[in-house]
Amino acid sequence: MARRRAAVKREVIPDPRFNSELVAYMVNSIMGRGKKATAAAIVYGALEDVQTKMPDEDPLMVFSRAVENIKPKLEVKSKRVGGATYQVPLEVGAKRQTALACRWLIQYSKTRKGMPMRRALANELMDAYSNQGAAIKKRDDTHKMAQANKAFAHYKW
């Protein structure tokens, strides 16, 4: 954490195909070793797969609704008080909610073995859209952990 001034947040330039900052953020999150074209092919391919499997739905709307469903409202953070460490529940900011949702989508898409990343991401998106899947379970577990540690909420500062 910087001592002198806050780090400057760079704005995400919307992607050229959908003109969406969320899709651009997802492409940048998937990108590894500077291979942006490969990451874009994965995301656009996943959205095309969503279009073929759900023809009556707009794939961009499915994607944004899936991310909205995954976003956590609360999380726990470790705080050391005296000699003890407490899990203190905190509200999550809007940018961190989006970051966690995209991170969990990518993480659980990678754990789906035996299929290409584009198909795994499409399946995880469709599961999240219908409030199912591993990313939704992760959000629910995060909320349960925050609820269980509600007694330590007075330690937040």
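**View 1. Packing of helix α3 against helix α5 in the predicted model.** Helix α3, which spans residues 59-70, packs against helix α5, residues 117-129, at an angle of about 65°, and the two axes lie 8 Å apart. Because angles of 65 to 115 degrees count as roughly perpendicular, α3 is described as roughly perpendicular to α5. On the α3 side the contact is made by M61, V62, F63, R65, A66, N69 and I70, while α5 contributes L125, A128 and Y129. By residue class, this contact comprises eight nonpolar residues, one polar and one charged.

**View 2. The largest pocket and its lining.** This pocket holds about 500 Å³ of space, and its lining is formed by K9, R10, E11, V12, E21, L22, Y25, K95, R96, T98, A99 and R103. Helices α1 (21-30) and α4 (94-110) each supply at least two of the lining residues, with the largest share, five residues, coming from α4. Seven of the lining residues are charged, four are nonpolar and one is polar.

**View 3. The second largest pocket and its lining.** About 160 Å³ of space lies in the second largest pocket, which is lined by E11, V12, I13, P14, D15, P16, A24, V27, N28, K36, A40 and Y44. The elements giving two or more residues to this lining are α1 and α2 (36-53). The lining of the second largest pocket divides into eight nonpolar residues, three charged and one polar.

Notes. Residues are numbered from 1 along each chain as its sequence is written. This is a predicted model: local features need pLDDT of at least 70, side-chain atom pairs count only at pLDDT 80 or more; totals for chains, interfaces and linings use all residues. Side-chain values use heavy atoms; hydrogens and water are left out. Axes are lines fitted to C-alpha atoms, for helices over the stretch in contact, and angles run from 0 to 180 degrees between N-to-C directions. Helices (H or I, at least four residues) and strands (E, at least two) are DSSP runs, numbered from the N terminus. Angles under 35 degrees count as roughly parallel, over 145 as roughly antiparallel, 65 to 115 as roughly perpendicular and the rest as oblique. Contact means heavy atoms within 4.5 Å. Ala, Val, Leu, Ile, Met, Phe, Trp, Tyr, Cys and Pro count as nonpolar, Asp, Glu, Lys and Arg as charged, and the others, Gly among them, as polar. On a 1 Å grid over the protein atoms alone, a cavity is a set of points where a 1.4 Å probe fits but cannot get out, and a pocket is an open set with protein on both sides within 12 Å along at least five of seven lines; lining residues have an atom within 4 Å of a point. Grid points are joined across faces, edges and corners, and a volume is the space filled by probe spheres set on the points.
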